[in-house]
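Thanks for coming. Please have the viewer open.

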Amino acid sequence: ADYSHPITENLKVETGAKFSAVRTDNNIDFSVFQDDAWVNDPLRTNQFQYEESIMAGYVNLNTKWKIFNIQFGLRGEQTNSDGYSVTLDQRVKRDYFNLFPSMAVSHQIGEKHSLSYTYSRRIDRPSYQDLNPFVFFLDQYTFGVGNPFLQPQLTNSVGMSYSLQNKLMLNVNYARTTDVMQEVILQNDEELTTFQTWQNLDNFDNLSIAASMPIGVTKWWSSRVNAVGFFNKFDSEFS
């Protein structure tokens, strides 16, 4: 549900709420043919049940002050989840609340130039399969396993954009992600096997620069050239 109301000519308020609920039951049965009969394979059979509900509400303010167009928003989310592995008799429950502010400011510099500045905070949750703690085999020596303790990752990002007559565009963005979800490969020295799983690393930093400009080839042929450069850095204690 969303609601929008103009308070004045230069001030508008938007607000809304959202509720979502998910319930999954992932049941996989594996059998092997032994002694002229099909029998259950307990190493591969798996049942994983997961329930998740998210309640969210937000408010946005859009206003204009002198030469500046300003947007400020705040969203709150309450998440409740319950993951239960029937096969392993293992349950993980979670309840957490997060706030997500956002801001955008833009303005003109003369008739040809414009600048904008942005800030936002977002959340990325693990997939249901990544939370499933049961083992699935990839080959004779490698298997995958989910991580029921995997936490969602949070990202704070800032950016600045420049435009020249809405043709030449330059963008600079920086984002830091905490508890970043990353697939890792681990080794079991005793059993001489390797397995892949998901874990939360400490931090992930991303810096990107992008440029875009139109280039006319002929009167009837136009093109746009884009160039992007980025720098990524992972920082975490890992064992």
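Start at aspartate 2: its bridge partner in β2 is glycine 16. This is a predicted model, and every value I give is computed from it. Strand β1, residues 2-8, and strand β2, residues 11-28, run antiparallel and are joined by six bridges.

On to β5, residues 46-65. This strand runs antiparallel to β2, and 18 bridges join the two. One of the positions to look at is lysine 12, whose bridge partner in β5 is asparagine 62.

Now the glycine. Where is glycine 216? It lies in strand β13, residues 193-218. Is glycine 216 buried or exposed? Its relative accessibility is 61%, and the cut-off for exposed is over 50%, so glycine 216 counts as exposed. Setting aside neighbours within four places in sequence, glycine 216 is in contact with Trp221 and Ser222.

Next, the rings. How many aromatic pairs does a search of the whole structure find? The count is eight. Tryptophan 65 and phenylalanine 68 make a stacked pair, with 6.0 Å centre to centre and 15° between the planes. Phenylalanine 68 is partly exposed, at a relative accessible area of 25%. Elsewhere, Phe48, Tyr50 and Tyr128 form one aromatic cluster.

Last, charges over rings. Arginine 44 lies over the face of phenylalanine 30, 5.9 Å from the ring centre. For tyrosine 84, the charged end of arginine 91 sits over the ring, at 4.5 Å from its centre.

Technical notes. Residues numbered from 1 in each chain as written. Predicted model: local features only at pLDDT ≥ 70, side-chain atom pairs only at ≥ 80, totals over all residues. Heavy atoms only, no water. Pairing = 2+ DSSP bridges. Helix = DSSP H or I, 4+ residues; strand = E, 2+ residues; numbered from the N terminus. Buried < 20%, exposed > 50% of the residue type's maximum accessible area, 1.4 Å probe, protein only. Contact = heavy atoms within 4.5 Å. Phe/Tyr/Trp six-rings, centres within 6.5 Å; stacked < 30°, edge-to-face > 60°. Lys NZ or Arg CZ within 6 Å of the ring centre and 35° of its normal.
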